[in-house]
Amino acid sequence: MITRLLVANRGEIARRVFRTCRSLGVSTVAVFSDADAGAPHAREADLAVRLPGSHPAETYLAVDRIVEACRASGADAVHPGYGFLSENAAFARAVLEAGLTWVGPPPAAIEAMGSKIAAKRLMAEAGVPVLPSLDLAAPGEFPLLVKASAGGGGRGMRIVRDAGGLAAEVESARREAAAAFGDGAVFAEPLLEAARHVEVQVLADVHGTVWALGERECSVQRRHQKVVEECPSPGISERTRELLCAAAVRAARRIGYVGAGTVEFLVKDDRVAFLEMNTRLQVEHPVTELVFGVDLVRLQLEVAEGAALPPEPPGPRGHAIEARLYAEDAGYVPQTGVLRRFEVPGDVRVDSGVESGSEVSPHYDAMLAKIVGYGATRAEAARKLAASLRRARLHGVTTNRDLLLEIVTSPAFLAGETNTAFLSPGGPLSPLSAPSSPPSGDGGLPALAAALAMAAANRRDARVLAGLPAGWRNVRSQPARARFEEADVVYDPLPPGVSVVSARPEEVVLESDGLRRTFQVARYDGDDRVYVDSAAGAAVLTPVPRLPEPVEHVAPGSLLAPMPGSVLRVEVAEGDTVVQGQPVLVLEAMKMEHRIAAPAGGVVSDVRVEKGQQVEAGAVLAIIQEENP
C-alpha cells in the first residue's frame, strides 16, 4: 500500500495529484527547482525537496536527484505526472530498482510507445490503422508533417508544404525535440488536413482488464498544441466511436499496458489513422473524469497497488469542455511576469498551477490553468465555460482568455464543426488580431468606470480639501477628462444617458439606458495598467501620463525580443542582405523555438546578440536598414 507519494513534476499536475492523495490519506512530497521555490505545488505538499540545478528547465529531468529525493523524504511511490520524465522508461526502471512503487505503465510498455516510429509498426501489426511513414530525404508527397519520435505537446513538429523548406524544417524539428525530450529523432507522414484529432482514454490493471473510457476531441489547436478539448466528440458516429475504442484496447493489450494512457487518432470522414500512444495521464483528463464520474488519479494509485478493475467501465453521462488558459498574447507569444490576480468564478472545475501573486517564468510551459465546464448537454457545458471565462479576473499577465471566449461562443464551435484547421488562416475561426479592450457590448463604459475609479482614488488619497469633488474648479472651463492609450474619456459631464450610481476606487456602478452595470476596478503597485472586470468581460487600460518620462528610443529597423529567452541561433551577419520574412535568429523560450524574421527587405547593419545569450523582452536583437524604394 502506498503511504507517501512523490510527484516528479510541478505546477497544476502536481497539485492535481496531491488533491487525490489528500482524499485518500496518502502523504505527499513535492520536488522543486530554484525557480519554483515559492510555487503553490511546493507549499501544498506535506514535504518538499529542492532539486539543485543550474538550469531550471532541466532540473525536473534529473533522474538520480529525484530518486535521491524519494530516499530523503521517505517516499515509497512516484507519480510522474505528464511531460518531463513521465514517458521515460529509464526513469521508471530507476524508480522500480530503488524498491519504490511506480505509478505508471511498465518500462517495456513505455519503450514500446516511446518511439513513435516503432509504435506505428507495432500498431500496424495489431491491426490498428496507421498513416504511412515517408522518407525524409525524398518524401514523394506534400504537404507532410514532421514529428518528433519521442514526446509530444507539439514540440518538434513542423508542417512542410514543399521540398524547398524540408531540410530547414527537419533540422529545426530535431533541435526542438532534442531540447524538449533529449531525443532528436524525427519522422514524417502525410498531413491529413482539416481532420478531427480524437483520442481514447484507456485504463488497464495487472489482471488483464482493459477499459476504454470513451473518446475526447482535441481538434482546436494552435502550434500543434491543444487549446480546447471535450468529451465526448461532437462529430463522430457511433460506429466510428466503437472502432476507435476497440483499436485503443487492442493497442493497450498489444504492449501489455498497465495504468492510465491515451491512444490518439486522426479522423476524417470514415478514415481513421493512429497518431501515437501517450503512456501517461493526459493534460485533458478532467473532461473524462467529469463525464464518466471517475477519479483517474485514484484509479492509477489503486492499479499501482495491484487492485483489480471491475470487468466493465462506467458509462458516460453529460458533456464536458476544457479550455487551456495560457500566458500568451494574441500572436501565441508566451508572456511572463507577475500574475497579480487569479480568480475564476462559476460552476466550473479549475485545475491550476498558479494563484494570485504567482510569478510566470520563461522556463516552463505557458499554461496557467485548465477551466472545465460540465453539463447535461454540450450547450450547457459551453455556456458555463463561457460565463466563467467572461467573469474571470486575470490581472498582470496577458492571457489567451479572449481567444478561448471567441472559440467557445463561435457558431462553428457550438455546431460541433471542429477540426485541426479551426484556428488556421481560412479556418472556421482565425486567430484574433488583438484582445478586445474594452469588451464588446459595453461600449465605452469600462473606460468610463476606470476614469471614475481613478478620480475616486485621487480624492481618497488627497491630503488637502479631500471633501471636494475630483477635478473641482471654481470656474469650469474644460470637461474632466482621462486619457488612456486605448480610449479618451470625458467623465464630467457624463455621456448622455449615463448616470453614476456609485463610484469607489475598487468598484463603479453605472446606469446606462435603464440598465445598471457593476464594474470591478483594480490597480497594482509597479503596474501602470487599470484592470476593469464586469459580467460582460474584461478590459485593460493604460493611462497616458500628463508628463511622460523620457523614453529610450531604438533605432529604426530594430528587431526586438518578443519575450525573455535564450538565443538559439543567429542566421545572419552584419552586412548581409535579407528579404522580408527571412529568419534572422531563433529564440528558445518555454521549450519552444521562436523565429525572429525580417519585417522588410534590407541590409543587416548590426547584430547585438550571439548564440547562447539570454535576453529580456524588448531587447534589441539586430538592426536592419531597410532598402530604399
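This is a predicted model: local features need pLDDT of at least 70, side-chain atom pairs count only at pLDDT 80 or more; totals for chains, interfaces and linings use all residues.
Figure 1. The accessible surface comes to about 26,900 Å² (Shrake-Rupley method, 1.4 Å probe). Carbon and sulfur atoms hold 51% of this surface. The chain carries 65 positive and 79 negative side chains. Lys and Arg count as positive, Asp and Glu as negative; His and the chain ends are not counted. The centres of the two sets lie 4 Å apart, with each charge placed at NZ of Lys, CZ of Arg, CG of Asp or CD of Glu. Residues are numbered from 1 along the chain as its sequence is written. Local features need pLDDT of at least 70, side-chain atom pairs count only at pLDDT 80 or more, totals use all residues, and side-chain values use heavy atoms, without hydrogens and water.

**Figure 2. Helix 13, residues 401-408.** Seven of the eight residues in helix 13 are buried, so the rest of the structure largely encloses this helix. Buried means under 20% relative accessible area, exposed over 50%, partly exposed in between (1.4 Å probe, protein chains only). Among the buried residues are Arg 401, Asp 402 and Leu 403. Helices (H or I, at least four residues) and strands (E, at least two) are DSSP runs, numbered from the N terminus.

**Figure 3. The cis peptide bond between Phe 142 and Pro 143.** Omega is about 0° here. Pro 143 sits in the loop between helix 7 (116-125) and strand 6 (144-148).

**Figure 4. The cis peptide bond from Cys 231 to Pro 232.** Omega is near -5°. Pro 232 belongs to the loop that runs between strand 11 (225-231) and helix 9 (238-254). Most peptide bonds are trans.

**Figure 5. Phe 84, with a positive phi.** Phi is about 50°, although Phe 84 is not a glycine. The loop between strand 4 (77-79) and helix 5 (89-97) holds Phe 84. Phe 84 is partly exposed, at a relative accessible area of 28%.

**Figure 6. Asp 513, with a positive phi.** Asp 513 is not a glycine, yet its phi is about 50°. This residue lies in the loop between strand 24 (507-512) and strand 25 (515-524). Asp 513 is exposed, with a relative accessible area of 68%. Most residues other than glycine have a negative phi.

**Figure 7. Residues 432-441, where pLDDT is below 50.** pLDDT is the predictor's confidence in each residue, from 0 to 100. The chain has a mean pLDDT of 91, and 93% of its residues reach 70 or more.

Terms used. Contact means heavy atoms within 4.5 Å.
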